[in-house]
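Hi,

Here is the structure I promised you. Have a look, and my notes on it follow below.

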Amino acid sequence: MNKIGEKEPIMRLPRFSLALSCTLLAGSFLSPTPANAQLYNFTKQDLIDYTAQNPFDRFADGRPKIPEKFLKRAQDVSLEEIWRVLPEKGYPNQFADGFQMTHSEKKIVGRVFTAQFMPVRPDVDKVAVGKAKERGLPDLRNQTVIDMLQPGDVLVVDLFGKKVNGTMVGDNLFYYIYKTTHGAGLIIDGAIRDLDGISAIDMPSCFRYTDPTPIGNVMLTGINVPVRIGNATVMPGDLAVGTREGIYFVPPQLWNKC
């Protein structure tokens, strides 16, 4: 386990993530590119279209931006209060449970920022590498998603329940998320490592497993796209509210109803 302040080893993700993530950072959300330019991402207009009922402002990439005052109010709302609203409004699939949790005395509250990973597939990787070379894109590491976070974000990672080599963060990257998001929280349908170090950092997190291995044998297939966490369909810009009971992902247009 690394001490906070020491540099955490950052493993290079498979080259597929290089093509996708570089495309995203190059501005594909703001300047839509042809559909065959990358495997899976939303343009700014896609995000607006799929969250058209959002009543609030948006980030530059189109993601809904629930106001800070509502994030503060959510600290006092129970999961039971949310449960009474969402199924009645036609949203029965917004709850996920079965997680381990650090700092279970704290509540996870924040705007959802999603990341999706899939198992490595070489033929897909090969095509993505070619597309990256066509654009002259530089190399990237697995900190790409974390570098895009904003204050008040909760990073929600679909790692398809992977344990070995499914560790999104260790203690140093976890600390970086804590500083960047102001401690809103982290949700991983996968694993973490360096639990002792992570537990010393004052931010709640939900995860399936712990494992000593670094992330590997996966490819990053989406940033701020719809993801599945347990039985929940999660959209970028949802309000994540998590306790030791589980997590609700509340569409922004329904937050005032809770």
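S3 and S7 run antiparallel to each other and pair over five bridges (strands are DSSP E runs of at least two residues, numbered from the N terminus; two of them pair if DSSP finds at least two bridges between them). In that pairing, Ala 115 sits opposite Ile 223 of S7. S7 itself, residues 218–223, is mostly covered, with six of its six residues buried (buried is under 20% relative accessible area, using a 1.4 Å probe and protein chains only).

Before you read on: this is a predicted model, with local features needing pLDDT of at least 70 and side-chain atom pairs pLDDT 80 or more, while totals for chains, interfaces and linings use all residues. Numbering starts from 1 along each chain as its sequence is written, and side-chain values use heavy atoms, leaving out hydrogens and water.

Next, Lys 107, in the loop between S2 (100–102) and S3 (108–119). What is its nearest side chain of opposite charge? That is Asp 76, 6.5 Å away, and the buried Lys 107 has no salt bridge (a Lys or Arg side-chain nitrogen within 4 Å of an Asp or Glu carboxyl oxygen). The Lys 107 side chain does reach two backbone oxygens: that of Gln 75 at 3.1 Å and that of Ala 74 at 3.5 Å. Its contacts (heavy atoms within 4.5 Å) include Val 77, Pro 204 and Thr 243.

Finally, Leu 254 comes in the segment after S11 (246–250). Leu 254 is buried, at 8% relative accessible area, and touches Leu 86, Lys 89 and Tyr 91, leaving aside residues up to four places away in sequence. Asn 54 is 200 residues from Leu 254 in sequence, yet their C-alphas are 8.8 Å apart.

Cheers

Conventions. Helix = DSSP H or I, 4+ residues; strand = E, 2+ residues; numbered from the N terminus. Buried < 20%, exposed > 50% of the residue type's maximum accessible area, 1.4 Å probe, protein only. Lys, Arg positive; Asp, Glu negative; His and termini not counted. Polar contact = N/O pair within 3.5 Å; in protein donor to acceptor, adjacent residues only side chain to side chain.
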